Amino acid sequence: MALIDDFNAFIYDSKEKALTISKTLSGLFSLCAVVLVIYELGFPLSPAEEIWVIKGFSLIFGYFAFNYFLNLFYTFERVSFLKSSWFEGMIMLFIITSGIYDFYTNLHLFEQIFIRIGVEHSEQIYRVFMTLMILYFVGFNFVKASTLLNNLTLKPAITFILSFVLLIAIGTGLLMLPQMTTIEGGADFMSAFFTSVSASCVTGLIVQDTATYFTLKGLLVIMFLMQLGGIGMVSFATFFATFMKNGVGLKQQLIIQDYLASESLFSAKGLLRQVIGITLTIEVIATVFIFFSWGAHVEFDSFSQRLFYSAFHGISAFCNAGFSLFSNGLYEEGIRNSYLLHIVIGFTIIVGGLGFSAVQDLFSPKALQERLHRPWKDWKISTKVAVHTSLLLIFVGMALFFLTEHNGVMKNMGTFESIVSAFFQSVTTRTAGFNTVDFSQLAVPTLIFMVFLMFIGASSGSTGGGIKTSTFLLIANAAIATIRGKKNVELGKRSISTDLLGKAYSVFVFACTFNLIMIFVLSITDPNLSIIHLVFEQVSAFATVGLSAGITAKLSLAGKIVIISSMFIGRIGTLTLALALSTRVSSNSFKYPSAHIMIG
């Protein structure tokens, strides 16, 4: 008994120091792991260098296994620890088994398993497996580090902005690596930076042809940036943090509440898991439908290429990113006539543009089950606003596009083809950035009403940009109420508070002012380009749409910087930026006498 007491006392006395050292070493090994992954993926390696990389991975795996058992050793409730970390424990068991096998046989267990079952390219698959495992441990440590947000004194808005800055910086660095592009030496800084901003801000504007400029590794980086940029890097970190023992802190919940446009902190925490789950489910469903929707004229080299193209476009569509693996977008020969594909991608864009809160209200298993048992249960008012306003704008956009372009870019199309094309262009104009017609040939009236649709954009809390459908609807209702002499602004038998109206007006004024300033600057930096095309490009960048009249690559360096700034400001939101930079008033306990100013 005395021996056990002495042992427990030793554990208690040394626990804090040992775990502090463990956390420090975990950070250092995670950094080494990142360097190794970048070295392996980004540079051409000789066979000898590949062996040293694998040895480095094995050393890192060994430390993480040691660290896991160290935490188990210093945990008094070991059964609970094993239950809560069962997945990590299974990985550690596999690592130890593989290490023992490698030591005695000088062969890699995972590679040998694939050889025995007849899988080709087992060595490459083994390297991919090692890389994914390393990224898992690095990501796990990143998630644990994200819980330190609660110790920071930064505003949630600033933290949200910095997460995008970090994501863009990571993307730029990765895209500049030699193995990411088809050109020797890798991408130049501006090309990599522009692409990273465009992918992270789910815009889709490009200065290099995505289909031919980037390798498979580069395309995977772009897909990774689109996914994290669409949902938000902090959202992903917070999602995985909900599975950890310490859970999600107040600062993280505040960030998620703002980002998802949730009504309360409690609903924000519960909404996040559903949002991630629904997002991945919809993207998988979209991938499957796109896989079977490619036209007969679209040829792929293999099943895996077809699957990758389907997944890439599925993620790009749901995240409203607008990136395509075809040089001419969906206007590519053979793709432009795949109208079933256009419909599938169009509906995927619509779902992604409705907003995470609306998607949860419409498609979550709980909501569907409740609606099945209680058909009279209505949608939330925010969901109604997102759905009804989106449908109105889609049909208005369809009608206008059909009227202005039936003798233009659609003059050689039949009735069905024209309707599908008008539908797709109306959908993609507000949020996504895909194109099934040649936008450089559009008439000026078409470009003007498209600028209007892009400026409105998608719904609140979605992957799309613009001032948002709710902002547009509130301002329109407020104008109508003022004209009719009503004191209160009403929406769906509900009164709209002055705070909400104030936010709507602020977003509108900030957006108008910012775009006017950027258009003015573009007219100075790129006077050789048409002003209507510059206006179209600027609003497309600000609304993170990604449509272009074909002038993006022709912009000057200063013009590209303007577009980069617009994409970033448009993604994080003008109101978020204003809240991040502003300081709160010291007191609201006084009021000056009312003043009368002439209006109109």
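1. Cysteines. Cysteine 201 is buried in this predicted model, because its relative accessible area is 0%. Cysteine 319 has a relative accessibility of 0% and therefore counts as buried too. A disulfide is a covalent bond between the sulfur atoms of two cysteines. A search of the whole structure finds 0 disulfides.

2. Serine 200. Serine 200 belongs to helix 8. At 0% relative accessibility, serine 200 counts as buried. What does serine 200 touch, leaving aside its neighbours within four places in sequence? Its contacts are Phe164, Leu167, Ile168, Leu225, Gly229 and Arg571.

3. A pair of aromatic rings is described by the distance of the centres and the angle of the planes. The structure holds 21 aromatic pairs. In one of them, tyrosine 63 with phenylalanine 66, the ring centres are 6.4 Å apart and the planes stand at 45°, so the pair is tilted. Both residues lie in helix 2, which covers residues 47-73. Tyrosine 63 and phenylalanine 66 are 3 residues apart, about one turn of the helix. Is each of the two partners buried or exposed? Tyrosine 63 is buried, with a relative accessible area of 8%, whereas phenylalanine 66, at 51%, counts as exposed. The cut-off for exposed is over 50%.

4. An aromatic pair in helix 8. Phenylalanine 189 and phenylalanine 193 also form an aromatic pair. Their ring centres are 5.4 Å apart, with 15° between the planes, and the pair is stacked. Both residues are in helix 8 (residues 189-200). Because they are 4 residues apart there, about one helical turn separates them. An α-helix has 3.6 residues a turn, so residues three or four places apart point the same way. Phenylalanine 189 is partly exposed, with a relative accessible area of 47%. Phenylalanine 193 is partly exposed as well, at 24%.

5. A cluster of rings. Which residues do ring pairs link into a cluster? The members are Trp294, Phe300, Phe308, Tyr309, Phe312 and Phe326.

6. Charges over rings. Arginine 306 has its charged end over the ring of phenylalanine 291, at 4.9 Å from the ring centre. Arginine 336 lies over the face of tyrosine 331, and here the distance to the ring centre is 3.9 Å.

7. The salt bridge. Side chains of opposite charge can pair when their charged atoms come close. How many salt bridges does a search of the whole structure find? The count is 1. Arginine 336 and glutamate 333 meet through their side chains in a salt bridge, with 3.6 Å from N to O. Arginine 336 is partly exposed, at 24% relative accessibility, while glutamate 333 is exposed, with a relative accessible area of 60%.

8. Helix 4. Helix 4 runs over residues 86-105 and has 20 residues. From its first C-alpha to its last, helix 4 reaches 28 Å, close to the 28 Å expected at 1.5 Å a residue. Buried residues of helix 4 include Glu88, Gly89, Ile91 and Met92. Ile95, Ser98 and Asp102 are buried in helix 4 as well. Asparagine 106 follows helix 4 and has a positive phi, near 60°.

9. Helix 21. Helix 21 has 15 residues. Its reach from first C-alpha to last is 21 Å, close to the 21 Å expected at 1.5 Å a residue. The buried residues of helix 21 are Thr469, Thr471, Leu473, Leu474, Ile475, Asn477, Ala478 and Ala481. Which helices do these buried residues pack against? They pack against helix 18 (381-405), helix 19 (415-430), helix 20 (444-456) and helix 22. Just after helix 21, glycine 485 takes a positive phi of about 80°.

10. Isoleucine 496. Isoleucine 496 is found in the loop between helix 21 (469-483) and helix 22 (498-525). With a relative accessibility of 15%, isoleucine 496 counts as buried, because buried means under 20%. Leaving aside neighbours within four places in sequence, isoleucine 496 is in contact with Leu474, Val489, Leu491 and Leu501. Leu474 is one of the buried residues of helix 21. Alanine 478, another buried residue of helix 21, is 18 residues from isoleucine 496 in sequence and 9.2 Å away in space, C-alpha to C-alpha.

Note on methods:
Residues are numbered from 1 along each chain as its sequence is written. This is a predicted model: local features need pLDDT of at least 70, side-chain atom pairs count only at pLDDT 80 or more; totals for chains, interfaces and linings use all residues. Side-chain values use heavy atoms; hydrogens and water are left out. Rings of Phe, Tyr and Trp (its six-membered ring) pair if their centres lie within 6.5 Å; planes under 30 degrees apart count as stacked, over 60 as edge-to-face and the rest as tilted. Helices (H or I, at least four residues) and strands (E, at least two) are DSSP runs, numbered from the N terminus. Buried means under 20% relative accessible area, exposed over 50%, partly exposed in between (1.4 Å probe, protein chains only). A charge sits over a ring if NZ of Lys or CZ of Arg is within 6 Å of the ring centre and within 35 degrees of the ring normal. A salt bridge is a side-chain nitrogen of Lys or Arg within 4 Å of a carboxyl oxygen of Asp or Glu. A disulfide is a pair of cysteine sulfur atoms within 2.5 Å. The expected span of a helix is 1.5 Å times one less than its number of residues. Contact means heavy atoms within 4.5 Å.
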